[in-house]
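Subject: Structure for you to look at

Hello,

Here is the structure I promised to pass on. Please open it first, then read my notes below with the model on your screen.

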Amino acid sequence: MAIYAVSDLHLPGGQEKPMDIFGDHWADHWGQISADWQTKVKPEDWVLIAGDISWAMNLEDALTDLTRIHEMPGRKVIIRGNHDYWWDTISKVRRVLLPSITAVQNDHVITEDMAVCGTRGWSVPGSRDFSEHDRKVYERECIRLELSLKSVSNGIPIIAMIHYPPYNDPQEGSGLTEILRRYPVRDVVFGHLHGDSLKYVREGTYDGIRYHLTSCDYLGFGLKRIV
């Protein structure tokens, strides 16, 4: 069994959303991703998708994109991104998910020998334009991350998914990284960063935890093997 990750698929959600307005390299980006996916992933493998899945504005319109993902090999775990406006209550989301897809929110899913936890995250203190409104959302996301991590028992190794990077623009830690350090987290998968924001990337091992940016354009529209 292998575990792969990718994020920021930005599938169209029934809308006209040509992604090549963000650069020619985005042309047919799902074709590039799906080709790489089918080459790498076996039925017993897992694929973690760290948010910004679909541009759909409601759950019904997202079903076409969720079906595309379901049809890819492997079992998938998803979390919400800041552009996933279609993501309704977790009970409604789970009610329509196809069998190969699991949504994580305040809980976890077990692979063969690891737990996958996650939350959307948010802009963290010390980032550009961080406001008091941001602080309220950030503090709520800290609570959600801890709920997800606490739901894992028996010291099982954890992979944490967070859509936003858990550090600020100067690449300093946050309450999110402090929470991650308190649990047996081995890897953190995150997305959200594109274009000029990539200059704020921090990857590698910190405090014994490996951090992976998995925005699909950063990965060259392929999947990254995490385990």
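**What I found**

Start with contacts in the chain between residues at least 6 apart in sequence: 74% of them join residues at least 24 apart. Keep in mind that this is a predicted model.

**The whole chain**

Count the elements and you get 5 helices and 11 strands. Along the principal axes, the C-alpha atoms fill a box of roughly 40 × 40 × 30 Å.

Why call the radius of gyration in line with a compact globule? A compact globule of 227 residues would have a value near 17 Å, and the chain has 16 Å, so the two agree.

Now the surface. The chain exposes about 10100 Å². Carbon and sulfur atoms supply 48% of that area. Of the 227 residues, 54% are buried.

Charges come next. The chain has 25 positive and 32 negative charges. Their mean positions lie 5 Å apart.

**Helix α1**

Find helix α1, which covers residues 29-40. H29 lies in this helix. Is H29 buried or exposed? Its relative accessibility is 8%, and buried means under 20%, so H29 counts as buried. Which residues does H29 touch, not counting those up to four places away in sequence? They are L9, H10, M19, C216 and F221.

G31 lies in helix α1 too. Its relative accessible area is 23%, so G31 is partly exposed. Now look from G31 to Y167. They are 136 residues apart in sequence. In space, their C-alpha atoms are 32 Å apart.

**Aromatic pairs**

How many aromatic pairs does the structure hold? There are 7. Here are two of them.

One is formed by W86 and W87. The centres are 5.4 Å apart, and the planes make an angle of 45°, a tilted pair. W86 has a relative accessibility of 2%, so it counts as buried. W87 has 3%, so W87 counts as buried as well.

Another pair is Y167 with F190. This one is edge-to-face, with 85° between the planes and 5.8 Å centre to centre. Where do the two partners sit? Y167 is in the loop between β7 (158-162) and α5 (175-181). F190 is in strand β8, residues 185-190. The partners are 23 residues apart, and the pair links distant parts of the chain. Both Y167 and F190 are buried.

**A tyrosine in a loop**

Last stop: Y218. Look for it in the loop between β10 (209-213) and β11 (224-225). Is Y218 buried, partly exposed or exposed? Its relative accessible area is 33%, so Y218 is partly exposed.

What does Y218 contact, leaving aside its neighbours within four places in sequence? The contacts are L198, V201, E203 and L213. Y218 and S197 are 21 residues apart along the chain. Their C-alpha atoms are separated by 11 Å.

Best wishes

Notes:
Residues numbered from 1 in each chain as written. Predicted model: local features only at pLDDT ≥ 70, side-chain atom pairs only at ≥ 80, totals over all residues. Heavy atoms only, no water. Helix = DSSP H or I, 4+ residues; strand = E, 2+ residues; numbered from the N terminus. Rg over C-alpha atoms; globule rule 2.2 N^0.38 Å. Buried < 20%, exposed > 50% of the residue type's maximum accessible area, 1.4 Å probe, protein only. Contact = heavy atoms within 4.5 Å. Areas by Shrake-Rupley, 256 points an atom, 1.4 Å probe, with all protein chains shown as cover. Lys, Arg positive; Asp, Glu negative; His and termini not counted. Charge placed at Lys NZ, Arg CZ, Asp CG, Glu CD. Phe/Tyr/Trp six-rings, centres within 6.5 Å; stacked < 30°, edge-to-face > 60°.
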